[in-house]
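Student: I would like to go through a structure with you, one topic at a time. May I begin with the loops and move on from there?

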Amino acid sequence: MAIAHCLRVSVDFDFHGAAKTPALMYRHDFRPFLSLRSIAQSAQLKTALGADWGLKLPAGDGMTGRPRYLTARPEVEWDVAPDCRATCESGMAGDALSDLLKTVRLTGATFFDIEAQDPWAVCSPAPASILPRILPGADHLISYHVLTEGRCFARIIGKEAIPVEAGEVVVFTHSDPHIMSSTPDLRADPPTADVLQIAAASQTPFPINYVKDGSLSARLVCGYLACHALPFNPLLEALPPVIKAGDVKGDGGWLGQFIRLAVSEVAEKRAGSETVLTKLSELMFVDVLRRYVESLPPQQTGWLAGLRDPHLSKALALIHDRPAHNWTVEALAKESALSRTVLAERFTKVVGMPPMHYLAKWRMQIASELLSAGNSNVASIAAEIGYESEAAFSRAFKKMIGVPPSAWRLGVRAIPGKA
């Protein structure tokens, strides 16, 4: 499928293993979502551009920090043309995605810088051996591999191999056991515990050299992203097991710039490079998500497809902006410029659940994060997400999550299927 967008940056996009869509290859021109928040963030990044290596992140916790309160966002007025304003106001999907990434505490780390000579193969480590080193307490790992030189193959063990070219990144969204190799059929064992310990104790990315006496045939930067999947992470549920993306000509796009910056940081190992690579990995993942959403076929359903629908994205943004508000389907429909019946039917069909069910689950995701942080008592958390009493919140939390709020705070999790 060919999709044309205004920036005319040609990219190859590949996604594999989607539950409702066969493996397809797309080529499209990338246009990022436009929202008031994304414009503000772009402005911050532009003012932070340096003449040295090209990007300086704004101060703060990036995507890992949480605002003190999740129930309000300051309103910003922009002096823009009417047509641009309309585009911006219809692009609220970016806000829902940003809020979700903050709430689930997406955190990145770059672990390995691999230089290889044919034939070669490396196997992914077990998620349990990586998660505590990136985000203690997290329950979901995402693996990514950026090929900076040469070509190789990526495959989930037991699945078809995917060719990868220099300038492309392949993301294993559920961190299924996988192999990167010079040919599709090579096997490898996962790295041993002592290798992982040495890598974690060293300045990352930890170099691994598979070149003996010949020339380099491939170079990869490998890293991980950790986040919370429980109790509710609609993004992870909407992603296929493998996503591949990259700039065809290696120039012009955000992803190409990120890759060049990552290569520079790995090679020069300047002060602060570990932090830079961590933030770059998070930004690369968001760019890959944007490309994936842009490439979804019209009939695709799921949370990410909902972000692309201007009416549903507005409803999702309202829920994420004001989770404590006493929302009704009628109120959401009015704000989203749809009738009550149409919003209820379309939201359920595309997102996979009714609007009020989504609101309830999102409130519990926020509550679970606040409980895990341990800085607020149950009564204040209940009030922050829209419950009139601690008792009502506790009953709802136990019914939906499977354990009481006090148990969740202590690290107790419900047995799958028992909630």
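Student: Where does P119 lie?

Tutor: P119 lies in the loop between β4 (107-116) and β5 (121-123). Please keep in mind that this is a predicted model.

Student: And what is the peptide bond from D118 to P119, cis or trans?

Tutor: That bond is cis, with omega near -10°. Most peptide bonds are trans. The bond from L230 to P231 is also cis, and its omega is near 0°.

Student: Where is P231 found?

Tutor: P231 is in the loop that runs between β11 (218-227) and α6 (234-238).

Student: Staying with backbone geometry, which phi value does S175 have?

Tutor: The phi of S175 is positive, about 50°, although S175 is not a glycine. Most residues other than glycine have a negative phi. S175 sits in the loop between β8 and β9 (178-181).

Student: Is S175 buried or exposed?

Tutor: S175 counts as buried because its relative accessibility is 5%, and the cut-off for buried is under 20%.

Student: What does the side chain of S175 make a polar contact with?

Tutor: The partner is the side chain of S143, at 2.8 Å. S143 belongs to strand β6 and is itself buried, with 0% relative accessibility.

Student: Which other residues does S143 touch?

Tutor: Apart from residues up to four places away in sequence, S143 touches V170, V171, F172, S175, H178, G223 and Y224. Of these, V170, V171 and F172 are buried residues of strand β8.

Student: How do β6 and β8 run, then?

Tutor: Strand β6 (residues 140-156) and β8 run antiparallel, and five bridges join them. Within this pairing, H145 stands opposite V170 in β8.

Student: Which residues of β8 are on each side?

Tutor: E168, V170 and F172 are on one side, while V169 and V171 are on the other. Both faces are covered, and the residues named are all buried. Strand β8 spans residues 168-172, and five of its five residues are buried.

Student: A change of topic: where is A337 found, and what is its phi?

Tutor: A337 is in the loop between α11 (329-335) and α12 (340-351). Phi of A337 is near 65°, which is a positive value in a residue other than glycine.

Student: Is A337 buried or exposed?

Tutor: A337 counts as exposed because its relative accessibility is 57%, and exposed means over 50%.

Student: On to the helices. How many residues does α10 have, and how far does it reach?

Tutor: Helix α10 (residues 310-321) has 12 residues and reaches 16 Å from its first C-alpha to its last. That is close to the 16 Å expected at 1.5 Å a residue.

Student: What caps the N-terminal end of α10?

Tutor: D309 does: one of its side-chain oxygens lies 2.8 Å from the backbone nitrogen of H311.

Student: Why is α10 said to be largely enclosed by the rest of the structure?

Tutor: Because nine of its 12 residues are buried. They are L312, S313, A315, L316, A317, L318, I319, H320 and D321.

Student: What about P405? Where is its place, and what is it in contact with?

Tutor: P405 is in helix α16 (residues 405-409). Leaving aside neighbours within four places in sequence, P405 is in contact with L371, V378, F393, S394 and F397. P405 is buried, with a relative accessible area of 3%. The C-alpha atoms of P405 and R395 are separated by 9.1 Å, and these residues are 10 apart along the chain.

Student: How many disulfides does a search of the whole structure find?

Tutor: The search finds zero disulfides. Two cysteines to look at are C123, which is buried with a relative accessible area of 11%, and C227, which is buried at 2%.

Student: Finally, the chain as a whole. How many helices and strands are there?

Tutor: There are 16 helices and 12 strands in the chain. Buried residues make up 50% of its 419 residues. The accessible surface comes to about 19500 Å², and 55% of it belongs to carbon and sulfur atoms.

Student: And which share of the contacts joins residues at least 24 apart?

Tutor: The share is 74%, taken among contacts between residues at least 6 apart in sequence.

Notes
Residues numbered from 1 in each chain as written. Predicted model: local features only at pLDDT ≥ 70, side-chain atom pairs only at ≥ 80, totals over all residues. Heavy atoms only, no water. Buried < 20%, exposed > 50% of the residue type's maximum accessible area, 1.4 Å probe, protein only. Helix = DSSP H or I, 4+ residues; strand = E, 2+ residues; numbered from the N terminus. Pairing = 2+ DSSP bridges. Contact = heavy atoms within 4.5 Å. Expected span 1.5 Å × (residues − 1). Polar contact = N/O pair within 3.5 Å; in protein donor to acceptor, adjacent residues only side chain to side chain. Disulfide = S-S within 2.5 Å. Areas by Shrake-Rupley, 256 points an atom, 1.4 Å probe, with all protein chains shown as cover.
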